[in-house]
Amino acid sequence: MDMSTLFALKGRSALITGGSRGIGRMIAEGFVQSGVRVYITARKSEACDATAAELSEQGTCVSLPGDISTKEGLASVVARLREHETSLDILVNNAGAAWGAPFDEFPEDGWDKVMDLNLKAMFFLTQALAPDLRAAAASGSHLAKVINVASIDGIRPNPLETYSYHASKAGVIHLTKRLASRLAPDGVIVSGIAPGAFGTKMNKDARDHGDEVKTKIPAGRIGTSEDMAGVAAYLASRAGDYVVGETIAVDGGVVASSPL
């Protein structure tokens, strides 16, 4: 055992979807500081470019903007990544969307938008980059990793009427298990993260009403960038090699304290 290298990531490559803000940015910053060549993608080019420029002050971060919820956008991101890298060590499937509406009024386009990005794009991006991940694993120095970002809302329901979001994140957790069993023999380890309350644009309650939200969290606080970067680094490194198909709740104890 060598604890000095157990969590080492220096020199590896990573693609992080939805990397311009929120959870994706937290992971991207942690990887950049760990010496990873990080590529981030997001639908809005300006935001993606700006985040990459900021993170490049700490290491290597390249902007690859695109809409991976479309076949053309996904193919473009993959092609541009391959202009920089011949293999891929880490894929973080983080891009996501939410939609809220009363049950009797919930629209089909709100269902499709969320499912297409949160679940469908995750599968097809992993499929498209499987050769690149296998190539990284074939080097023999370390396993390749896929980290899928789900949500504690995929583990247990909450009162919000975000039907497609709940369903998509539950699907992510189950898909993580299925992909893990298929890809582990290829040296590609698939695992997941289920965030709880982090102060992001998607989680406006935690961002804008943190003092109130934290009273419902056993740990007594909102999640921080360090919390997210830490678990992502664990899963991406040698330390997480034997965590296969599992989704880790990073939520300060919310799931653990929820009624069965």
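Residues 24 or more positions apart account for 69% of the contacts in the protein chain with a separation of 6 or more, where contact means heavy atoms within 4.5 Å. The model is predicted: local features need pLDDT of at least 70, side-chain atom pairs count only at pLDDT 80 or more, and totals for chains, interfaces and linings use all residues. Residues are numbered from 1 along each chain as its sequence is written, and side-chain values use heavy atoms, with hydrogens and water left out.

The protein chain contains eight helices and seven strands. These elements are DSSP runs numbered from the N terminus, with helices (H or I) of at least four residues and strands (E) of at least two. The C-alpha trace spans about 50 × 45 × 40 Å along its principal axes.

Of the 260 residues, 51% count as buried. Buried means under 20% relative accessible area, exposed means over 50%, and partly exposed lies in between (1.4 Å probe, protein chains only). The protein chain exposes about 12400 Å², and carbon and sulfur atoms supply 54% of this area. Accessible areas come from the Shrake-Rupley method with a 1.4 Å probe; for residues, only the protein chains shown count as cover.

In soluble globular proteins, nonpolar side chains tend to be buried together. A nonpolar core is defined here as a set of buried Ala, Val, Leu, Ile, Met, Phe, Trp, Tyr and Cys residues joined through side-chain atoms within 4.5 Å. The largest such core has 31 residues, and Ile27, Phe31, Val38 and Met228 touch the most other members. Elements that give two or more residues to this core include β1 (13–17), α1 (22–33), β2 (37–41) and α8 (225–236). Another core, of 27 residues, lies apart from it; among its members are Leu91, Ala136, Leu175 and Val188.

Phe31 is in contact with residues including Leu9, Ala14, Val38, Val92 and Ala232, leaving aside neighbours within four places in sequence. Ala14 belongs to strand β1. Ala14 counts as buried because its relative accessibility is 0%. Ala14 and Arg37 are 23 residues apart in sequence, yet 6.2 Å apart in space, C-alpha to C-alpha.

Asp116 sits in helix α4 (residues 108–138). With 29% relative accessibility, Asp116 counts as partly exposed. Asp116 touches Ser69 and Ala121, not counting residues up to four places away in sequence. Asp116 and Gly96 are 20 residues apart in sequence and 9.3 Å apart in space, C-alpha to C-alpha.
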